[in-house]
Each structure stands twice: as structure tokens, then as C-alpha cells.
Amino acid sequence: MLVFRVCTISLTPVSSGCSHGKCDCGKCKCDEGWYGEACQYPTTCNLTRKKSNEMCKNSQDIICSGAGTCQCGRCKCVNSEGNGLVYGKFCECDDRECIDDETEEVCTGHGKCYCGNCYCEAGWHGDKCEFQCDITPWEIKKRCTSPDGKICSNRGTCVCGECTCHDVDPTGDWGDIHGDTCECDERNCKAVYDRYSDDFCSGHGQCNCGRCDCKEGWTGKKCEHPRSCPLSAEESAKKCQGNSNLPCSGRGKCECGQCTCFPPGDNRVHGKNCECDDRQCENMDGNVCGGHGICSCGRCICQDGWFGKLCQHSRKCNMTEEESRSLCESADGILCSGKGSCHCGKCICSPQEWYISGDFCECDDRDCDKHDGLICTGNGVCSCGNCECWEGWNGNACEIWLGREYP
């Protein structure tokens, strides 16, 4: 007689895979030296407490978003009821926010919850999808359509005939995007170098629905060009552009053909056209060229015996070829995802394809968000398709300044 084993499989977000173990009937059986629901925590930690806590901080420098504990550089989220509703790399997602107080249903049964936010079905709206819309879908679309024929100008969400604009202003008062159909984008009035300030139109004009009306004596799309300058606005921009696609390489202020690099007081960004960004030589811990080289105009020059974009690879290797290859194979058994070579147990991704990255060359950095044509706005580094912002910057593309005022 055949005996069948019946499993009850959990579908909570935390049970998506076993990092260091095998999945057995919906539960992880961990390898020796690992524990946790997904075998993600090592039993022995080689990190100092300071280093571990640094790895657990979210973009606001809060350890595990205040919703978990840090264990060897990994966040363990607090789920007192064992329901897995608090999750995320930094415990930043709390799906309890989606539960309606009266019905105790997730998004009142009329939507789906993702990272603490309800995404409502058609015809429903509200923070928890608790309100039903009383106008027709055709009327909803008509009211939300902008003059250029796009729903909320592709800058907002249409809710029951009203546009909720994607407000990128961290103050939350009146964001850079506004208007009945989100047709006004005040970011068009800001100079690239002034993203972190409220200085619209270079301080020489008034911003009206994303268009600069310049004061007397100033001209240019963002009132950046003094009329007293012997150069035309086009000549000035061309002189500041150099070999870049943007004036001052998108990292500075162009005025009468001269670049002033930003942020002010930070000498890591320099050059006639602000073309040198020495922040590119730093890893996420702030180490320049891994301590094995010097930075020259945003590129590492490595010491003898070291190589790599950040001088992170030693030419000496104490592994056998077989040991090295075993560490470079991804879960599907392919060496460096077929997009790189293996050296001493680490993948070196193809330099011809600049956008390939990751421990196994599995990431495509072209997926990182852009702003002003720059990946991560030049204020962070792209890590496996997601922007890792430098201190003080936030946003999907590191386009929002949340730090202190620059001197």
C-alpha cells in the first residue's frame, strides 16, 4: 500500500527560499552552521558588532527599521504572532498596515498588499481599498487624462477620477509634481546641481508649472545664463559640456562657460567639466580602491599584485582550480552566469558589458533608475539593479536630498 505525505506549505514572504539548506515540505532544513526560517543566519559570526549594525541600517540609518534585531549583518524581523507580516532586507515592510480595523481583512478584500501598501482592484480606492467609486470607468479615465493624452501625465495614480501625484518632495507639503492631472513638474525648473535645494530657476526666475520665467538680465531654460556673458547660452553650455552628454557632466553648475562642481566643499568631484568623480573609487564602506591602489579621476590605479575596478582582487590564489570553480557556480551550475570569468573563487564580470554585476554576474545594472539621464543620479552606485545611495541621498534613483545643508 502506498502512503502519501501531505504537506502544508507556508506562503508568507519570508519562506521564499533556503539560502543555506534544502526545502523539505515547505520548511527549510539548514546546513550545519546556519539557522533561521530561510537558513539565512550563521551560528558563528566573524563580524564586529559595529560592522554588523552598519550592514543592518536602512537608508535613514535605523537598524532594521526599528522592527527587528540585527544578527551578524542580517536583519531578523520581529513577528510576534508568527505571521510573517514584517519582512524585507531591513524589515522595512509591515503588511499589518494593510489590515482593515473593522473587517480585519487585508485591503478590505478589494486589493493586494505589498510592503505595507494596498493596491486596489478597479473601482475601489482608499488606504485600505475601503471606498467604492461611484462614477463609470470611462468617466474616471476622462478626468485623469492630461492634455498630452496620458493618465496623470505618467507621474501619478488615478483614483476615482482624481490624480494622486508621485510626490518626490520629502517634506510632503507641496511636491515637485502637481496639477489636476500631474501636468506640472517643478523638477524641470531645478538645475542639476541644485537638486537638494529649493532654488528654482537657478535663483534667477519664477517656476510656473515646470517652466522658468526669468528675471531681467537672465536667460536660458533654467535662467542659468547671464545676459552680460559674452557667450550665448548654447556656447556656454557647449563649453561646459566637454566630452559629456550633460553640462558639467551632470555634476555641477554651468555659468558663462565655467563649471562649479557640486556638492560644494566636496573635493571628490573635480575637473574642468566636473568629469572626475572620485566617489566611484569607493566601495559601500567608503574604502578607496580597497586600500590597494590610488584613485585618479574616478578610476583606480592598483598596486602590484591587485586588480579589478576597485582593486578588490588579489593576483595570488591559494585555491585549486576545482575549488575556485565550485565557488563561482550559481545555483543552476553555470560558471559566473556565462557572463564572466572565475578567479580564486570570485566572478570577474565581462568588462565589455559594463552593466553586468553581482557575485555571480547575474545582475543587469541597466535596470537601475535614472534621473537627468544619469544612473542613480550620480549620487550612488548601482547594485544588482537597485541604487545604493550615498549618505544623505534617497529615492529610487538617489534623486532626493535628505541630509543636512551643504556649507
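Modeller: A search through the whole of this predicted model finds 32 disulfides. A disulfide is a covalent bond between the sulfur atoms of two cysteines. Three of these links can be taken in turn, with attention to the torsion about the S-S bond and to the cover around each cysteine.

The pair C30 and C39 is joined with an S to S distance of 2.2 Å, and the torsion of -90° about the S-S bond makes this link left-handed. The two cysteines of this pair fall into separate classes of accessibility: C30 has a relative accessible area of 30% and is partly exposed, whereas C39, at 0%, counts as buried. Elsewhere, C23 has a relative accessible area of 58% and is therefore exposed, since the threshold for that class is over 50%.

C64 and C75 form another of the disulfides, also with 2.2 Å from S to S, and because the torsion about their S-S bond is about -95°, the link is left-handed. The pair links distant parts of the chain, with C64 placed in the loop between α1 (49-55) and β5 (68-71) and C75 in strand β6 (residues 74-77), 11 residues apart. Both C64 and C75 are buried.

The bond between C368 and C382 has an S to S distance of 2.0 Å, and here the torsion is about 95°, so the disulfide is right-handed. C368 belongs to the loop between β32 (363-364) and β33 (370-371), while C382 is found in strand β35 (residues 380-383), so the link ties together parts that are 14 residues apart in sequence. As for their cover, both C368 and C382 are buried.

Of its 407 residues, 34% count as buried, and the chain exposes about 25,200 Å², of which carbon and sulfur atoms supply 48%. Among contacts with a separation of 6 or more, residues 24 or more positions apart account for 27%. An unreviewed UniProt entry lists residues 6-40, 97-130, 143-183, 188-224 and 280-312 under "domain: EGF-like". Two of those spans can be described from the model: residues 97-130 have end C-alpha atoms 13 Å apart, with 0% helix and 29% strand, and residues 280-312 have end C-alpha atoms 14 Å apart, with 0% helix and 30% strand.

The backbone also deserves attention. Most residues other than glycine have a negative phi. C160, however, is not a glycine and has a positive phi of about 50°; this cysteine lies in the loop between β13 (156-159) and β14 (162-165). S337 likewise has a positive phi, near 55°, and is placed in the loop between α4 (321-328) and β29 (340-343). With a relative accessibility of 23%, S337 counts as partly exposed.

Turning to charged side chains, the search of the whole structure finds 10 salt bridges. In one of them the side chains of E139 and R143 meet at 3.0 Å, N to O; being four residues apart in helix α2 (residues 137-144), these two are separated by about one helical turn. E139 is partly exposed at 21% relative accessibility, and R143 is also partly exposed, at 44%. Another bridge brings R211 and D213 together at 3.2 Å, N to O, with D213 partly exposed at 30%. In a further bridge, the closest N and O atoms of K253 and E255 are 3.5 Å apart; K253 is partly exposed at 26%, as is E255 at 32%.

D277, in strand β24 (residues 276-277), has a relative accessible area of 2% and is buried. Its side chain makes a polar contact with that of R279 at 2.9 Å. Leaving aside neighbours within four places in sequence, D277 is in contact with R251, R268, V269, G298, G378 and W390.

Technical notes: Residues numbered from 1 in each chain as written. Predicted model: local features only at pLDDT ≥ 70, side-chain atom pairs only at ≥ 80, totals over all residues. Heavy atoms only, no water. Buried < 20%, exposed > 50% of the residue type's maximum accessible area, 1.4 Å probe, protein only. Contact = heavy atoms within 4.5 Å. Areas by Shrake-Rupley, 256 points an atom, 1.4 Å probe, with all protein chains shown as cover. UniProt positions renumbered as here; feature names shortened; annotations may be inferred. Polar contact = N/O pair within 3.5 Å; in protein donor to acceptor, adjacent residues only side chain to side chain. Salt bridge = Lys/Arg side-chain N within 4 Å of Asp/Glu carboxyl O. Disulfide = S-S within 2.5 Å.
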